[in-house]
Amino acid sequence: ELGLPVMEAVQRHNVMACAKHFALNSIEETRMKVDVRLDERTLREVYLPHFERLVRSGVASVMSAYNRVNGDYCGESRHLLREILKEEWGFRGFVMSDFFMGVHDGRKAALAGLDLEMPVVQRFGETLLAAVERGEVPLAVVDEAVLRLLRRKIDYATRPDPTSYPPALVRAAEHVALPREVA
């Protein structure tokens, strides 16, 4: 059970862990265009158990993958994000897209359960706002995403710091000297 000791260490040190890439991202060269076709049993028995272990251990966030699974991009897969991750497993953290081009259709991604587009807004900005204003995306979907992000932010911001830093350590002479030497 590799996931449990790792998660215990992460929680002990107050680090916000992100499980990635959800899911079936195992072909590096074609990850942007591959469409992995598989049955539900293979999905659940081979590709999802390690993610479920991390979710049940308290991982803070999950990053979707670039690839498609059974026709849907992972960041736009209602089955993966909403049905399995959030509803079945009870994941309370937030789901972010893979970086740069992790979202192709902002409306579909929001409805599927993606909470945050990373690292910059390409599909969630004005396009998503317009979809909300047209009634294509319920405001409750946006509220859910905001709640998930704020819940984690507040949770981690209010945890006690496991390490105390005396003022002398924060601005120690050797800490000031090192970046100057590098520069």
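Two rings of Phe, Tyr or Trp count as a pair if their centres lie within 6.5 Å, and planes over 60 degrees apart make the pair edge-to-face. The model here is predicted. Searching the whole structure turns up three aromatic pairs.

Start with phenylalanine 22 and phenylalanine 51. Their rings sit 4.9 Å apart, centre to centre, with 80 degrees between the planes. That is an edge-to-face pair. It links distant parts of the chain, since phenylalanine 22 belongs to strand E1 and phenylalanine 51 to helix H3, 29 residues apart. Both of these phenylalanines are buried.

Now turn to phenylalanine 22 and tryptophan 89. Their ring centres are 6.1 Å apart and their planes meet at 65 degrees, so this pair is edge-to-face. Tryptophan 89 lies in the loop between H4 and E6, 67 residues from phenylalanine 22. Phenylalanine 22 and tryptophan 89 are both buried. Phe22, Phe51 and Trp89 together form one aromatic cluster.

What else does tryptophan 89 touch, beyond its neighbours within four places in sequence? Its contacts include Leu48, Glu52, Val55, Arg56 and Ile84, along with Phe22 and Phe51.

Step back to the core. Nonpolar side chains in soluble globular proteins tend to be buried together. The largest nonpolar core here has 35 residues. Phe22 and Trp89 are among the members that touch the most others, with Leu48, Val59, Val62 and Leu85. Strand E1 (18-22) gives two or more residues to this core, and so do helices H3 (49-56), H4 (78-88), H5 (106-112) and H6 (126-133). H4 gives the most, with four residues.

Next comes helix H7, residues 139-157. Its 19 residues reach 27 Å from first C-alpha to last, close to the 27 Å expected at 1.5 Å a residue. Which residues of H7 are buried? They are Val141, Ala145, Arg148, Arg152 and Tyr156. These cover an arc of only 60 degrees around the axis, so they lie on the same side of H7. The buried residues pack against H4, H5 and strand E6 (94-96). On the other side of the helix, Leu139, Ala140, Lys153, Ile154 and Ala157 are exposed.

Tyrosine 156 is one of the buried residues of H7. Arginine 159 lies over its face, 4.0 Å from the ring centre.

Note on methods:
Residues are numbered from 1 along each chain as its sequence is written. This is a predicted model: local features need pLDDT of at least 70, side-chain atom pairs count only at pLDDT 80 or more; totals for chains, interfaces and linings use all residues. Side-chain values use heavy atoms; hydrogens and water are left out. A nonpolar core is a set of buried Ala, Val, Leu, Ile, Met, Phe, Trp, Tyr and Cys residues joined through side-chain atoms within 4.5 Å. Buried means under 20% relative accessible area, exposed over 50%, partly exposed in between (1.4 Å probe, protein chains only). Contact means heavy atoms within 4.5 Å. The expected span of a helix is 1.5 Å times one less than its number of residues. The arc is that of the directions from the helix axis to the C-beta atoms. Rings of Phe, Tyr and Trp (its six-membered ring) pair if their centres lie within 6.5 Å; planes under 30 degrees apart count as stacked, over 60 as edge-to-face and the rest as tilted. A charge sits over a ring if NZ of Lys or CZ of Arg is within 6 Å of the ring centre and within 35 degrees of the ring normal.
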